[in-house]
Amino acid sequence: MRIYCILNRRVLALLLLSTVLTILIFGQFKSYQITQKNGDTHKNRINFISNLGFSVDEDSVTEKQVFIPYSFSDVYENYNKVQLKAGYDLTKYRGENVICYSYNVISDNTEDFKVVNLLVHNGLIVGGDVSSLRIDGDMLPLVKKE
């Protein structure tokens with residue numbers, strides 16, 4: 001009888017452990033799915049931006065290649081903090097080239113001209129920001145506009 005109780009406790013502990021591991025693994029996979037969006041086409045990038053709640057001038061797009069350095073300066077460390085707020089992490093792309101697509105935001109507020117920057121690596125949006133072009137402007141993460 002005692003061996004049966006010990007065996008049941010071990011089986012229960014293994015079931016509990018496997019359940020916790022499953023939740024952790026699928027939880028991380030789900031957050032990965034949320035942040036990894038298809039950015040391989042102009043239409044997909046515009047849809048992504050629209051889903052964030054921004055309207056952009058689709059013809060205003062500019063594109064440039066950006067190298068993510070192996071070693072982050074303070075500027076990159078601060079920029080990556082913005083990325084982390086949206087579920088992105090540029091440390092995964094150290095030593096890689098990404099394409100930065102920039103779109104002008106359509107706004108009624110002409111005093112605060114903004115752009116949406118999307119960083120795309122192998123067709124996936126891996127980061128970016130919404131930036132004010134004022135000297136004292138802010139930089140926001142790629143999160144849904146409230």
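Tutor: At 58% relative accessibility, Tyr-70 counts as exposed, where exposed means over 50% relative accessible area, buried under 20% and partly exposed in between (1.4 Å probe, protein chains only). This is a predicted model, in which local features need pLDDT of at least 70, side-chain atom pairs count only at pLDDT 80 or more, and totals for chains, interfaces and linings use all residues. Residues are numbered from 1 along each chain as its sequence is written, and side-chain values use heavy atoms, with hydrogens and water left out.

Student: How is a pair of aromatic rings described?

Tutor: Such a pair is described by the distance of the centres and the angle of the planes. Rings of Phe, Tyr and Trp (its six-membered ring) pair if their centres lie within 6.5 Å; planes under 30 degrees apart count as stacked, over 60 as edge-to-face and the rest as tilted. By this rule there are two aromatic pairs. Phe-67 and Tyr-70 have ring centres 6.1 Å apart and planes at 70 degrees, so this pair is edge-to-face. Phe-67 has 42% relative accessibility and therefore counts as partly exposed.

Student: What is the geometry of the pair formed by Phe-72 and Tyr-76?

Tutor: That pair is tilted, with 5.2 Å centre to centre and 35 degrees between the planes.

Student: Are Phe-72 and Tyr-76 buried or exposed?

Tutor: Both Phe-72 and Tyr-76 are buried. Of the 146 residues of the protein chain, 35% count as buried.

Student: Which residue lies over the face of Phe-72?

Tutor: A charge sits over a ring if NZ of Lys or CZ of Arg is within 6 Å of the ring centre and within 35 degrees of the ring normal. Arg-94 lies over the face of Phe-72, 4.2 Å from the ring centre. Likewise, the charged end of Arg-45 sits over the ring of Tyr-101, at 3.6 Å from its centre.
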